[in-house]
Amino acid sequence: MSLAPLDAATLYGLMGAILVGLGLYGVVLLGGFLRRLLAFNLLGGGVFILFGVVARRGAGAGFGGDPVPQALVITGIVVAFCATALAITLIERLTEEDGDDPSGGGS
Amino acid sequence: MMGLVLDGGIALLTIGIAAWTIRAGDDFAAVVGFVAYGLVLTLAWTRLGAYDVALTEAAIGGGATGVILMRAGARVKPAPAARASRRARIIVGALSAAVAAGLSAIVLLPPQPAPSLALEVREHLASTGLGNPIGGVLMAYRAADTFLETVVVLLALFGVWSLGRDAHWGGRPGPALRPAEGGALPLFARVLVPAGIVIGIYIVWVGADAPGGKFQGATLLAAMAILAGMAGLVQAPATAGRRLRWLLAAGPIVFVGIGLAGIPLAGAFLAYPPGFEKPLILVIEVALTVSLAAMLALIVAGPTERAP
Amino acid sequence: MSVLLGLFSTVAIIAGIVFFVAGTVGLLRFPDALTRLHALTKADNLGLGLIVLGLLPYAGSVGAALKLVVIWALVQFAGATVAQMIGALAVREHPTSAGRQRR
Amino acid sequence: MADALTLAAIAVLAAVALGLVRVLRGPSRLDRMMAVQLLGSGGVAVLALLAVANGTEAILDVALTLALLAAFASVALARALGEIRKDGGETGR
């Protein structure tokens, strides 16, 4: 094992690591569902970037990056979006139920 | 050298925006911070040479996620922030820093040689008939994943719909599609929506041979549908509509149909018979794009709010 | 010819950067949201426009040049619309002074 | 040539970053909204410069998508803010 060269991949790798740390801090400590959800998405962005660094370092065979981790990240971003959308709808509904609005009708 | 300075700048800016989003005083500010985060991450992905991912991040990470977050930011009453005690903050801060440090160590001490499947992809890419390696991976190696991914999107939509009130089941989705009053928005939408649709189709089309693809293109199409709704140009469709349901199901049905046909014709589920890879993949891509665009737009539109 | 073109590009791109910097100075110096909005839209549209103009000769293909122009038109048009929307919100907030007062 | 364009991208990024610090600080939500627009046009300018510097046309597609979605996000943000104001969500913050 030897130290990684100072290049774009290493720089963004360090950025990804810091983003994960920041996101983790927010997920655990922030109050309010929305803020925690935001922090979780920040964390996710950092994880994806780390995948991107792995892809960049795996460049070869004429590709600018290893296509497999990149494809994984694209799937990941879409799934993260779905989870976020579902979570937000849940949060909205929860606020609605909590709000003292007996005239709301429905369920 | 110049490139490294730019990379350092982008990295610092991204970290700064992330930290600001965590610290922001109110929910609206945090949502703005998050959208900004998505935009700078797009720059980072571009610098990493991952143009496909950059497109996805710009479209879904910054755009679509940002818009549903705004929907929530406008409606969710801010929870009285439970201030964590000083001790908790120190402990969690230290733990988070330790995780970041551990990840940094992995980044700084990478395995040699770097693991990569690029060679394998190169060898087999020709058999898919596609020029875009990432599209090839998504549609050949990981076809089952890509199929399940669209099912996940569909399930998310069902989940969103299920969270509406019972009385509104099958009705029209509400929040994000309520037209704004007057102003420049209707004109803007009239010009931008057609342009955006052309660009969305273009992004799907170039996806076969260059960065782009169905998820990115579908998100652009969905964004245009939402924009038209915001401007009051179109009404949200009733979610019980038969045509809408078929539109949503068409992509997965075509995908699974071609996949099942692969069992007798090519020997495995989701295997493409030799010689027909590219046309079949294109048919799947087109069907999936249309369905995905509808799913994503309806997810952003939110739960049903009006009785059918 | 190509020397002239190079000179033209250099001047246009530098001017574009100057406008971006001017926009930032405006953001930093102007007293309220409406004037800051003014600085932002003017600077960004002109800044991006000049940079695109400077890049056009080097776009490499007609398609790429066309994309550059479309990108600029999109940003321009969106900037105008959003500025109008933000402005309307600002006026609604301070109807009397149209947001001109110092906050 | 490539280096000069990268330098130009750095200059634009620096200007945008400085402006971003200002608008994110507020004080009003209207100021913060400008952050998205600022990053949208600045990011597009950086991408356009990089596309020509690297000679990679795919970057222009990224710029195109960014321009479109940043515009979409700004509009949605302005509308969300209008909605907050309208239903008396102005809770003095």
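**Interchain contacts, nonpolar core and helical architecture**

Five residues of chain C are in contact with five residues of chain B in this predicted model. On the chain C side of this contact with chain B, three of the residues are nonpolar and two are polar, whereas no charged residue takes part.

The largest nonpolar core comprises 223 residues, among which Leu227(B), Ala48(D) and Ala63(D) touch the most other members. Helix H3 of chain D, spanning residues 58-86, supplies the largest share of this core, with 20 residues. When neighbours within four places in sequence are left aside, Ala48(D) is in contact with Ala63(D) of its own chain and, in chain C, with Ile51(C), Val52(C), Leu55(C), Leu68(C) and Ile71(C).

Elsewhere in chain D, Ala2(D) lies in helix H1, which covers residues 2-24. Ala2(D) counts as partly exposed because 13 C-beta neighbours are found inside 10 Å, a count between the limit of 12 or fewer for an exposed residue and that of 20 or more for a buried one. Between Ala2(D) and Val46(D) there is a separation of 44 residues in sequence, and their C-alpha atoms are 13 Å apart in space.

Chain A contains three helices and zero strands, and its elements follow the pattern α-α-α when read along the sequence. Of the 107 residues in chain A, 63% are buried. Among the contacts in chain A with a separation of 6 or more, 45% are accounted for by residues 24 or more positions apart.

Definitions and conventions. Residues numbered from 1 in each chain as written. Chains lettered and ligands numbered in written order. Predicted model: local features only at pLDDT ≥ 70, side-chain atom pairs only at ≥ 80, totals over all residues. Helix = DSSP H or I, 4+ residues; strand = E, 2+ residues; numbered from the N terminus. Contact = placed C-beta atoms within 7 Å. Nonpolar A, V, L, I, M, F, W, Y, C, P; charged D, E, K, R; others polar. Core = buried A, V, L, I, M, F, W, Y, C linked by C-beta atoms within 7 Å.
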